[in-house]
Amino acid sequence: MVHRILILTSNSDDAKILQEALLHSRDGPFLTECLDRLDAGLSRLHTGGIDLILVDLSLSDSQGIATFNDLFAAFPKIPIMTLSAEEEEAAAIEAVKLGAQGYLSKGYFVSSLVPQSLRNIILRKNVEKQLYKEQARAEIVLKSIGDAIVCTDINGEIDYLNAAAEELTGWSKTDACGQQIEKIFKTINGVSRQADVNTVELVLKKNEIVDLPANTLLIRKDGSEVHIEDSASPIHDYDGQLAGAVIVFHDVSIAQAVTVKMTHLAQHDALTNLPNRTLLNDRIAQAINLAKRNGTRLALLFLDLDNFKHTNDSLGHASGDALLKSVALRLSDCVRGSDTVSRYGGDEFIILLVGGKYAEDAALIAEKIRVALLRPFQHEERDLYAKASIGISLYPNDGQNAETLISSADTAMYCAKIEGSNNFKFFRSDMKSK
Ligand SMILES: Nc1nc2c(ncn2[C@@H]2O[C@H](COP(=O)(O)OP(=O)(O)OP(=O)(O)O)[C@@H](O)[C@H]2O)c(=O)[nH]1
């Protein structure tokens, strides 16, 4: 790689010696350009391509430290070395304090150390440029990344927050930096609502990557809560020693809400919002397990509305829908919260009664429902009616699983319906199914 050196001096002998020294140096190749005025030098520098400036502070159009200052102000990124005679050393030292890379003493230009140090300065500057580029790139990535990032030192004191972290925590970088991590990154468990052990504290203790426990809530600066997922990792210094921690986290509220919504949709009937067949089967299976352990009975009430088709046909499908919704509410009012009222399909509902000991308990509820449904339903200033036939099956006698219990209750409902509707019947093994 060719190193381009601009020599600014009005002393043509100095210029010549330097050019000669650089031309034959093993540390090159160097390409030199010589100018004797500051204004000419500045114009040349504006066209670019110069790697280092050698400048005599006494030029025909500028003298002393001002020469350096003007160059440095205009081109702070290009390394500058001054050329100084013994009596000018004070100005050369002053220039170093202000940002010059060093100075070459007149009389020693021919030393082989001169090209060597120029080359070293240029190489160091190139490394700096590369580091700056990488740092700038990392800075941009951290700023634009969607995940929130917070860094701490080894004592858990925050020293960096990206824009996403500012937004998620509600703390500005200025306010957060210098604070202890537990003040800015407060988390609790979403279920127990107990404070979590601070992830950064764990990382600093274990010196290893730590994932945040599931269902973590971040308490934001304004006290609001947000579901997050995260992990924290140790930061090691140049010597491999633990130097701090970085915590990366993101908001999962939307994803969680979508999951909850999807699960609800998959398990509930869209019209009545009652549990559907899938959830009912699940609840029956769970209830059977519990009943086995506790020695209790279960009852299933299979309910089919009588002549529902007539409501649809005479008043329209919308009125039929409204009636189904109202029936769902009234059925739910007839049972305890621990029981399950489900829509099995069309005008069929199945009610799972848990914790009962006697068949009479189921009979009482069935009668309660039958009577409750006798009261008219209001829809658009009209009275709607929804009598029902109900079949009852009991666990363990009428079935050992959801399928047989439902089938038995359905058979009993069918018998109730053919025997005149608006009544209920317990399943018997001699009953004929549809
Ligand atoms: N409005 C409305 N009607 C529905 C819905 N699902 C099913 N149905 C109707 O419900 C009626 C069910 O009819 P059935 O149970 O066979 O007959 P029914 O008129 O109730 O007579 P019985 O059961 O013999 O007393 C049918 O007309 C279906 O079209 C729904 O979501 N909304």
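In what order do the five strands of the open sheet sit? They run β14-β15-β13-β18-β19, with mixed pairing. Keep in mind that this is a predicted model.

- Ignoring direction, neighbouring strands are turned against each other by 20° on average.
- Strands β13 (residues 297-305) and β15 (residues 348-356) pair up antiparallel, with seven bridges between them.
- If you want a spot to look at there, Arg-297 has Gly-356 in β15 as its bridge partner.

**Helices on the sheet**
- Helix α11 (residues 277-294) packs on the sheet and touches β13, β14, β15 and β18 (388-395).
- The direction of α11 makes about 20° with that of β15.
- Helix α15 (residues 402-418) lies across β13, β15, β18 and β19, and α15 runs at about 145° to β18.

**The α12/α13 pair**
- Helix α12 (residues 308-315) and helix α13 (residues 317-334) have axes that come within 6 Å and cross at roughly 140°.
- On the α12 side, the contact uses Phe-308, Thr-311, Asn-312 and Leu-315; on the α13 side, His-317, Ser-319, Gly-320 and Leu-323 meet them.
- Sorted by type, the residues of this α12 and α13 contact come out as three nonpolar, five polar and no charged.

Terms used. Residues are numbered from 1 along each chain as its sequence is written. This is a predicted model: local features need pLDDT of at least 70, side-chain atom pairs count only at pLDDT 80 or more; totals for chains, interfaces and linings use all residues. Axes are lines fitted to C-alpha atoms, for helices over the stretch in contact, and angles run from 0 to 180 degrees between N-to-C directions. Helices (H or I, at least four residues) and strands (E, at least two) are DSSP runs, numbered from the N terminus. Two residues are in contact if their C-beta atoms, placed from the backbone, lie within 7 Å. Ala, Val, Leu, Ile, Met, Phe, Trp, Tyr, Cys and Pro count as nonpolar, Asp, Glu, Lys and Arg as charged, and the others, Gly among them, as polar. Two strands pair if DSSP finds at least two bridges between them.
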